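Trainee: I would like a close look at one residue, and then at the parts around it in the chain. Please keep the answer connected.

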Amino acid sequence: VTVGGVNCSVQSDGYIAGAQFVCVTGNYTSGGTQQSSVTMRSGVMATILSSFQYTYVNPSISSVFPKSGPMAGGTNVTIGGMFLNVGNGVKRVLLNGTMCVILQSSLTQVTCTSSAQNVIGVGVVTVYIDN
C-alpha cells in the first residue's frame, strides 16, 4: 500500500473487512500536498486513486517559555511551533533527556510540566510526534 507515493505499512488494528484499513506511512522528503493513490494487492493488483488530498508537513519548534526553571522541576513549559499535533499527536516531550509531563497540545503549542534535573545549564528540547 502507498499513500502519495510513500510506502504505508498496513496494521492489523483498525482493520474492518471490506470497509477500512489503517497503515503507517514511511518518511516523505519532498513536502507539500500530494494527490494520494492507494495500491493494494490481494490476488489481483488494483490501483485506486482516492478523491482526498493528504498533506505531508514538517513539524517545527519556534519558541520555549519560560527559558529556565528550578532543578527541582514542576515548571509548566510552553513550546511553540507549527504542526506540533499532526498525525497521532505529541507522544512525549523531553527537556535535556528528562520527561516533561504533557498537559495539553495543539497545532501550534505544547504545554508540559518539567521533571527534576541533575545538571545545571542549557538543555535540548525534544518533542516526539507519532512514535
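What relative accessible area does Asn-96 have?

Mentor: Asn-96 has a relative accessible area of 37%, which makes it partly exposed. The scale runs as follows: buried is under 20% relative accessible area, exposed is over 50%, and partly exposed lies in between, with a 1.4 Å probe and protein chains only. The model is predicted: local features need pLDDT of at least 70 and side-chain atom pairs count only at pLDDT 80 or more, while totals for chains, interfaces and linings use all residues. Residues are numbered from 1 along each chain as its sequence is written, and side-chain values use heavy atoms, leaving out hydrogens and water.

Now place Asn-96. This residue sits in the loop between β8 and β9 (98-105). Strands here are DSSP runs of E with at least two residues, helices are runs of H or I with at least four, and both are numbered from the N terminus. The backbone deserves a look. Asn-96 is not a glycine, yet its phi is positive, at about 55°. Most residues other than glycine have a negative phi, and most peptide bonds are trans.

Step back one loop. Phe-83 lies between β7 and β8 (90-95). Its phi is near 60°, again a positive value in a residue other than glycine. Phe-83 counts as partly exposed, at 27% relative accessibility.

From Phe-65 to Pro-66 it is cis, with omega near -5°. Pro-66 belongs to the loop between β6 (60-65) and β7 (76-82).

Now the strands. Ser-62 is in β6. This serine is exposed, with a relative accessible area of 62%. Leaving aside residues up to four places away in sequence, Ser-62 touches Gly-80 and Gly-81; a contact means heavy atoms within 4.5 Å. Met-82 is 20 residues from Ser-62 along the chain, and their C-alpha atoms are 7.8 Å apart.

Not counting residues up to four places away in sequence, its contacts are Asn-76, Val-77, Thr-78, Val-101, Ile-102, Leu-103 and Gln-104.

Turn to the start of the chain. Three strands form an open sheet there, in the order β1-β2-β3, with antiparallel pairing. β1 (2-3) and β3 (20-25) are the edge strands, each with a single partner, so one side of each has no neighbour in the sheet. Pairing requires at least two bridges found by DSSP between the strands. Two bridges link β1 to β2 (residues 6-16), and these strands run antiparallel. Within this pair, Thr-2 stands opposite Asn-7 in β2.

Last, the whole protein. It has zero helices and eleven strands. Of its 131 residues, 24% count as buried. Among contacts with a separation of 6 or more, 45% come from residues 24 or more positions apart. The protein exposes about 8,600 Å², and carbon and sulfur atoms supply 54% of that. Such areas come from the Shrake-Rupley method with a 1.4 Å probe; for residues, only the protein chains shown count as cover.

Back to your residue, then. Asn-96 is a partly exposed loop residue with a positive phi.
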